[in-house]
Each structure stands twice: as structure tokens, then as C-alpha cells.
Amino acid sequence: KSQAEKFKERFQSKPTSKLPYILSFATGNYLASVQTLDQLLIIEIEKEKRSDTNTDSFLNIYQELKYAMTAVEAANTTEEACEVAVKELKRISGFDKIMIYQFDPEWNGDVIAEVKEEGMDSYFGLKFPASDVPKQARDLYKKTPYRLIPNVEYEPVRLYPVINPSTNAFTDLSSSNLRSVAGVHLEYLKNMGVTASMSTRILVDGQLWGLIAC
């Protein structure tokens, strides 16, 4: 069977959650993420070619994550779990600063755990206003577990065509990993001296409890 036929068979059930898939081109294998949105398949493909011999690295990362999860689960209090989580994430991810902040009933964020490189400003104990993570962004975190910005100096590329000819409407990229972020947020990060960031949600009973900011 051709690669196109195998692809159609694999995704004919129209999965709503993102599924990984390997696409093979003449230049090598590429990692793709596939999901169904508005009866369309959204396929995101990494430009960077992935090695066929990355099994060891995957196993190492998996083992590290399992170790970190076990350490968090062994904590006796929420505060202790958060402290363990930021330390383990910093060790695994390589980010200079990791912090967890919890939302209050008015959606202000309290920084309740932090680990950082020496000499960096501490945000521990500070309260961020609700406008720091507006409602639109909070709603997106319910759809997508994380947001990654590898480089704040990136230049966004327009989607082509702007109007999807199959639907005669804009394509919803709210759950896309490669979706650009608002220019004002990039400016915000630059003003803080941040060159790369990642944030992931913390859900409790299906509701947004807080965020882990890297």
C-alpha cells in the first residue's frame, strides 16, 4: 500500500485527540501530529528531521518522567508536591526557571513554588493579576495541555489560504502546537528578558487550577 492509503486507513475514524504519526519523504522520516477539527484533518509536521535511532533517548526521557511522577505522587501536601514538581521539571527540561502559580476565585495567580538559576529575580510569593492570563488564554488551556515558544524572536508565517476553500471559513488553529501567539505576549516576554518559554496546565476535577510556567 502507498503511504497515502495507509494514512487514510489510519485516520478514517477521525480522531478528535492529537495522534502522532511518522511521515516518510525522500529526505527522511518526519514526526507529525494529526487531529480532526470541523470535519477536517489538521496535520502538523516538524521541519526538523527526526533520527531513526532515537529509541534510547526516548526511553531515557520516559524513565526520567516516570521518576518525576513517582516523586510528586509521594508528596504529602499540595505545597510539597509543587516543590518537587518544579525541581524535577527544571532538572529534566533545562529551563532556567520553573514556577507554579495557583488561581484564586477571581483568577489572580499566586506563585506557590519556584526553582531558578542563581542571580535570577524571584517571583515566589508574588500575585499576578487575572489579566496576566486572560479568559481567552485560560479557555485555550482547557483544549491544549501546553504552550511552547522555542524562541521569542521567531517570525510568524501567515496561513495560506486565509479562507479555507473546503469550509469557506477561517481554519481554527486554537489547538495547534505550531500556532503563533499574540505579539503583545512576545513583547511581554522580551521585556522580562525571556528568550524561550513553556507553560502547561494543572487541572483539578476538569477545571483549571493553575499553571506551570517555564
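Guide: Buried means under 20% relative accessible area. The model discussed here is predicted.

Visitor: Is S199 buried or exposed?
Guide: S199 lies in strand β10, residues 197-204. Its relative accessibility is 10%. The cut-off for buried is under 20%, so S199 counts as buried.

Visitor: Which side chain does the side chain of S199 join in a polar contact?
Guide: Leaving aside neighbours within four places in sequence, the residues in contact with S199 are Y141, P145, Y146, R147, I212 and A213. A polar contact of 2.4 Å links the S199 side chain to that of one of them, Y141.

Visitor: Why is strand β2 largely enclosed by the rest of the structure?
Guide: Strand β2 covers residues 28-37. It is largely enclosed because, of its ten residues, the number buried is seven.

Visitor: Over how many bridges do β1 and β2 pair?
Guide: Strand β1 spans residues 19-25, and a hairpin of two residues joins β1 to β2. The pairing is antiparallel, and its bridges number seven.

Visitor: What is the residue in β3 that Q35 stands opposite?
Guide: Strand β3, residues 40-45, pairs with β2 in the antiparallel sense over six bridges. Opposite Q35, the residue in β3 is I42.

Visitor: Which residue in the turn between β2 and β3 has a positive phi?
Guide: β2 and β3 form a hairpin, with two residues between them. In that turn, a positive phi of about 55° belongs to D38.

Methods
Residues numbered from 1 in each chain as written. Predicted model: local features only at pLDDT ≥ 70, side-chain atom pairs only at ≥ 80, totals over all residues. Heavy atoms only, no water. Helix = DSSP H or I, 4+ residues; strand = E, 2+ residues; numbered from the N terminus. Buried < 20%, exposed > 50% of the residue type's maximum accessible area, 1.4 Å probe, protein only. Polar contact = N/O pair within 3.5 Å; in protein donor to acceptor, adjacent residues only side chain to side chain. Contact = heavy atoms within 4.5 Å. Pairing = 2+ DSSP bridges.
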